[in-house]
Amino acid sequence: MATKVLERKPLSLAEQTYLPQILGGMKITLRNMFKPPVTLEYPDERPDIPEGYRGVPTLVKDPNGREKCVSCQLCEFVCPPRAIRITPGEIDAESDTAHVEKAPKEFEINMLRCIYCGFCQEVCPEEAIFLQDIFSLSGYSREELVYQKDKLYELGGTLPDQHYKWDRKREAELAGNPHH
Amino acid sequence: MEWNELLLIVFKALLVLSVVMSLAAYAVLAERKVAAWVQGRVGPNRTQIPLLGGIPIIGTFLTRLGVFQPAADGLKFLFKEEPTPGHVNKFYYLLAPMIAFIPAMTTMTVLPFGQYVNEAGEVQPLVLANLDIGILFILAVSSLGVYGIVLGGWASNSKFPFLGGIRASAQMISYELSLGLSLLPVFLWFGGSLNLFNIVQGQTDLLFGFLPQWTILFQPLSALIFLVALFAETNRLPFDMPESETDLVAGYNTEYGAFKFGLYFVGEYTHIIIGSGVFVALFLGGWNLPWVTLPAGLFGTVLSVLIFVIKMLALVFVFMWVRWTLPRFRYDQVMTLGWRWLLPLAVANLVFYAIIIAVIEQF
């Protein structure tokens, strides 16, 4: 390997006294003193979370307030640490969304096991589970950190929907095309 | 001496003591704030005293400034559990913080911090004890502080404090010499007086009618050597060998906690404040401002004290500014600088000014 020998110049007298360098350093720190702080006062101010951030997995509803999960259990299947557990249930026949047929009776995510890989979000055919911007979670017991369905919906809230898949299915059904 | 006269002296002493103590407490806060500003942070801004902090704008402002932080820190030092490790030498372990603290506090007795004009029309110093050997007293007593550190390091009976203590003693002895030698030309300059008040008064007049007669303008090298030695004596970065957090945990005070640590801490900052005061008195004209004559009466007295304190605090700020700018010297570099550079320089400086002053006196 080629080496390059650097020539070290001997220090001048001024440099040997350290003083010009010290003054130069002090000039820099003085300039720094008048700059605004670069820190964030964390609990009061929160950082801007960038788009696509993988925070705590949450369940979302569509803008009509319908829970989107149909308990297909794909996320449960794909989850590497097996943090998700779904107990499927049927939707009440009298319900407005009876044609969806299934919804989770219970939906648990064990946040102590979750590795925030985002596979569940990727695999979900209904766009019902999202890793959103929540980055800090805490609890007093292990049980508390197994998030239940209502907690997951509370954290997830409502996200905009581009397809309204099940609404269109019903429209097609009403228009006489049951196999839309 | 009448007893009310005695009472007055005690009162004055207590007043000065409390001012210096609170200055030391706020120096700690200032240090943290300056560090924060230099590093682009905010610094202490949470502590609040219920009623005072609740005042709409001022309270918030003071809280953001961290004004209540020293009170919280002081209370913490007072009320914390005070563990004494089992392996220490109890007697010296307890004695060491006091030895570090008391000399630092004692030196302020001879430091003049203002002036007043008495009934006879003479200018008198505001000082607790106007000793003729003022500066000798300061040098002698403040160098006792090293015993506190050495003793603390030794009595702790563990290796990091021990190394810190050894480094402290070597460093302080090395720089004490340059410290003393750098001052001799100043005393020669002012006709051999060791009284700090006389030296300050000697800097009152203007040279050729426009140049302030501050010692630093005539003896910049003495001032520089004194300042560097002062940094070393007060164990400030770049000379904080005894503490060197990065390699010695916390140096001599590793085994100390709670109030005993607080004593070391306040002692260190008192040392800086008094050291700055001595530097201001010797080199920066004390309470004199160039081209301004202090008025007589109470107003002039207050003004002189204010000028002195502001100069002193500015110098304390420089101490902090340097601390957060420079890295620490290596141990051998400290020794090289002390023995091979500062000491010969101080001797040369002394000889040079001795000749100059002799020549001036001939004409």
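Analyst: A helix axis is a line fitted to C-alpha atoms over the stretch in contact, and angles run from 0 to 180 degrees between N-to-C directions. This model is predicted: local features need pLDDT of at least 70, side-chain atom pairs count only at pLDDT 80 or more, and totals for chains, interfaces and linings use all residues. Residues are numbered from 1 along each chain as its sequence is written, while chains are lettered from A and ligands numbered from 1 in the order in which they are written.

User: Why are helix 1 and helix 4 of chain B called roughly perpendicular?

Analyst: Their axes are 9 Å apart and pack at about 110°. Roughly perpendicular covers 65 to 115 degrees (under 35 is roughly parallel, over 145 roughly antiparallel, the rest oblique). So helix 1 and helix 4 of chain B are roughly perpendicular.

User: Which residues make that contact between helix 1 and helix 4 of chain B?

Analyst: Helix 1 gives Ala25(B), Tyr26(B), Val28(B) and Leu29(B). Helix 4, residues 69-79, gives Gln69(B), Pro70(B), Asp73(B) and Gly74(B). Contact means C-beta atoms, placed from the backbone, within 7 Å. By class, five of these residues are nonpolar, two polar and one charged.

User: What makes helix 5 and helix 7 of chain B roughly antiparallel?

Analyst: The axes of helix 5 (residues 90-106) and helix 7 (residues 145-155) of chain B cross at roughly 160° and come within 7 Å. That angle makes the two helices roughly antiparallel. The contact of helix 5 with helix 7 of chain B has 14 nonpolar residues, three polar and no charged. Among them are Tyr92(B) and Leu95(B) in helix 5, and Tyr147(B) and Trp154(B) in helix 7.

User: How do you know that Pro50(B) is exposed?

Analyst: Count its C-beta neighbours. Pro50(B) has 7 inside 10 Å, so Pro50(B) is exposed. Pro50(B) sits in helix 2, residues 50-53 of chain B. Its C-alpha atom lies 34 Å from that of Thr254(B), 204 residues apart along the chain.

User: How do you know that the length of helix 14 of chain B agrees with expectation?

Analyst: The expected span is 1.5 Å times one less than the number of residues. Helix 14 of chain B has 27 residues, 297-323, so it should span 39 Å; its end C-alpha atoms are 40 Å apart, which agrees.

User: What covers the buried residues of helix 14 of chain B?

Analyst: The cover includes helix 1 (3-38), strand 1 (115-117) and helix 13 (258-283) of chain B. The buried residues include Ile307(B), Phe308(B), Leu315(B) and Arg323(B).

Key: Helix = DSSP H or I, 4+ residues; strand = E, 2+ residues; numbered from the N terminus. Buried ≥ 20, exposed ≤ 12 C-beta atoms within 10 Å, placed from the backbone. Contact = placed C-beta atoms within 7 Å. Nonpolar A, V, L, I, M, F, W, Y, C, P; charged D, E, K, R; others polar.
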